[in-house]
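Please read the following report beside the sequence and the coordinates. The topic is the interface between two chains.

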Number of protein chains: 2
Amino acid sequence: MPNTDLAPAALDALRACTDAARVLTDPADLEHYGRDWTRQVAPAPSAIVLPASVAEVQAVVRWAIEHRVALVPSGGRTGLSGGAVAPGGEVVVALDRMNRLLAFDPIDRTLTVQAGMVTEAVQNAARERGLFYPVDFASKGSSQIGGNVGTNAGGIKVLRYGMTRDWVAGLKVVTGTGEVLELNRGLVKNATGYDLRHLFIGAEGTLGIVVEATLVLTEPPADPKVMVLALPDAAAIMRVFAAFRAQVALSAFEFFTDRALAHVLAHGAQRPFETEAPFYVVCEFDAVGAAETDALAAFEACAEEGLLLDGVIGQSQAQNADLWKLREGISESLAPHLPYKNDVSVRISAVPAFMAEAQALIAREYPDFEVVWFGHIGDGNLHINILKPEGLAHPAFVEECGRVTALLGEVIERHGGSISAEHGVGLLKKPYLHHTRGAAEIALMQGIRAVFDPHRILNPGKLVD
Amino acid sequence: MPNTDLAPAALDALRACTDAARVLTDPADLEHYGRDWTRQVAPAPSAIVLPASVAEVQAVVRWAIEHRVALVPSGGRTGLSGGAVAPGGEVVVALDRMNRLLAFDPIDRTLTVQAGMVTEAVQNAARERGLFYPVDFASKGSSQIGGNVGTNAGGIKVLRYGMTRDWVAGLKVVTGTGEVLELNRGLVKNATGYDLRHLFIGAEGTLGIVVEATLVLTEPPADPKVMVLALPDAAAIMRVFAAFRAQVALSAFEFFTDRALAHVLAHGAQRPFETEAPFYVVCEFDAVGAAETDALAAFEACAEEGLLLDGVIGQSQAQNADLWKLREGISESLAPHLPYKNDVSVRISAVPAFMAEAQALIAREYPDFEVVWFGHIGDGNLHINILKPEGLAHPAFVEECGRVTALLGEVIERHGGSISAEHGVGLLKKPYLHHTRGAAEIALMQGIRAVFDPHRILNPGKLVD
């Protein structure tokens, strides 16, 4: 895409696509809408457009084709891989104004929403109707459904409820040619060829702009119980997971290290118990049948084997929420340290061997950096956050982290894992994509992209070239 | 594809791709391997090849490119839309010899199998390991996993367990260029761009040949209870479904008509009770907690409202199996009548209005044909089988049914439904695809197909051109 500044005539034509007032070019707006939660690439969009309807999104896409300007689809910009960053004169298409609930069907148990609806608003809308939207993560208060679809958002309840993919019954999208597709239309069963809905989930806005989603809801959890556990070493994590999973249907099984706990406590969370340990777990299950008794039996058995040093079980919803904050508050508590984030996964069975190797690599390669581990261990998903030392310049820090990530990528590849479990590829993980996807797969992704976006206007430079 | 007979040199080269003895050209073999459970299109393959390894499948694909011969990937050939029929001189690639279990991982709870493994063998392998593969349908004794993936097979437990798609953690495929792709490798979380695994699920062998699958297993059902219910009219079906679903977690909720029952009884099944009714339901749930009491309460409430005329609950596994035969035996009992099959779906909420309209259309357009309705009503999926009258020639019968299917397609389109819920498109449903997929979607499918199969050798003429 050649443009970095828009010609006045092009800007006027863009203003004609929506209310003129909804095209922003103020430097503060360009900075705000031009970046996501990452801070590695400077934002430099040429304009921001806030369409209010599907027709306006189509008009913007057609405008982009005519004026040969790249578009960056943009939700809550809570992304952690630079998928929604606009570093090169793109026009950001922010879905903020398309945030309405369009329909609820109690028989189908579906909500149809515009893509700009905030995740937490969807969760609340479900709850108000006696149902439950189970995709849940720390940034739910500002992330949008369209962005969740774009990265196939996961989070803290994947163990029981799966990813965003599992809750999308239909999508409305505008492709790179400005056509509207209505994908799967809320059907449970539809064997009519390639399921393009699933192709759009996780496509990071490179195939089209998601404008509406039909989401499946489920029964609310019966009576959630939350436990926090203290573990003596990394090897205990998977053994405790196996012992608990054999006894109760776990909704979540998350771990974090003592360093993570220190940050979240410094940020205002409450210590769960006096015992200090190198590793902690927060787990959740529904207190149906004998589940609570069974979980306590698992706890006793693990403690006798020396796999657990201490533990606590929430006695109220308020206490459950406090316990969850120990895990959910980690990202926010690390933010001031401009962390470099690795979000990797392997098969669950490969976690112990991978984790040992990754820990050794990181101890060796980052002797002077603080490293904070946490993650969704029950899904094989580890978050490895490297904190920037005070004195080091950000570019030098990022370069050093990139060097180690390349080494980590080789370890991931040997263990058959993924260089991005749930953050997507965007700009920041693209150099490491080949560790997870073969050359033939990457070439096929490029081919598919060209089919949906022949003019190459959608999020260029992200994911694959 | 120009060839209908293979040149002797081409046949010799094909024999060199595998054991020479595994290339079949005997007319009986051509007929056996050249067709599926449909009987509308005459099989006319030029040869059958039975590769024994991924490398041999690759060799066959490269041979096909060189000799410009079309390939038809072939599993158990239990398909009902002609997706595996070879009507025009193709070489059938039958996966029968690639039927081994390759790996079981108790921590990941996955089975990795070759694509030719029979569905029931997978179910048994899971059961022997204390786990459960829940995709289940009448043809499980001969259908193969590769074919299940190709059509995203559904069946009788979708209500609780979803489709084949929900149980595939990884696929190994050979594309139309002979490349091997290892898709998703068993990972729970993997946000590295387009999920090509999901693109292959339901692609009917048009993007590549599935050679291996990694399947997720789950806990076996606790204590399944099976009920058969008698209903006074079609309108009662969805009301009884809603009443039961509000009380118990249903694993299955299937309906069939009195005509379906008559066929399956004539085929050897046992009448569940004396009461005769126009509609019957078989439903299943696990007897956990108060489920059985709750289900009986739902039964009583429905009976008081006049929504149920009679019912029975299985008292043993053997009786449960007998009750299930009433539903599962229907297809087999109809087979001698060469039924024309419609397999359609709408959103669950649209079932009553759609069903009323479809019933009126069918009563009007088929005054002299016997029509048998059954299906997975809890998923919005209806099977409408038209039986061939004794005296009518098969081609004339098919032509007449095609005329009515075009009318039914318009009704389906008005209700936002699918012309193929779980049978796929293949050859037989292709003329009606536009009722469910828009022109832009079909064009995009053609574009994707060209990316994976640039030489147009994989299952040409099926699904989309």
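The paragraphs below describe how the two chains meet and then turn to one annotated span.

This is a predicted model, in which local features need pLDDT of at least 70 and side-chain atom pairs count only at pLDDT 80 or more, whereas totals for chains, interfaces and linings use all residues. Residues are numbered from 1 along each chain as its sequence is written, chains are lettered from A in the order in which they are written, and side-chain values use heavy atoms, with hydrogens and water left out.

| Item, chain A with chain B | Value |
|---|---|
| Residues in contact (heavy atoms within 4.5 Å) | 68 of chain A, 67 of chain B |
| Buried area (accessible area, 1.4 Å probe, lost on being put together, summed over both) | about 5,500 Å² |
| Salt bridges (side-chain nitrogen of Lys or Arg within 4 Å of a carboxyl oxygen of Asp or Glu) | eight |

Of the buried area, 60% is on carbon and sulfur atoms, and in chain A the residues that lose the most area to chain B are Lys189(A), Thr192(A) and Tyr194(A), together 18% of what that side buries.

On the side of chain A that touches chain B, β8 (180-183), α7 (196-200) and α15 (439-452) each supply at least two residues, the elements being DSSP runs numbered from the N terminus (helices H or I, at least four residues; strands E, at least two). The most comes from α15(A), with nine residues.

UniProt, in an unreviewed entry, lists residues 41-220 of chain A as "domain: FAD-binding PCMH-type", an annotation that may be inferred rather than shown by experiment. The end C-alpha atoms of this span lie 40 Å apart, and the span is 22% helix and 23% strand.

Notes
Buried area = accessible area lost by both parts, 1.4 Å probe.
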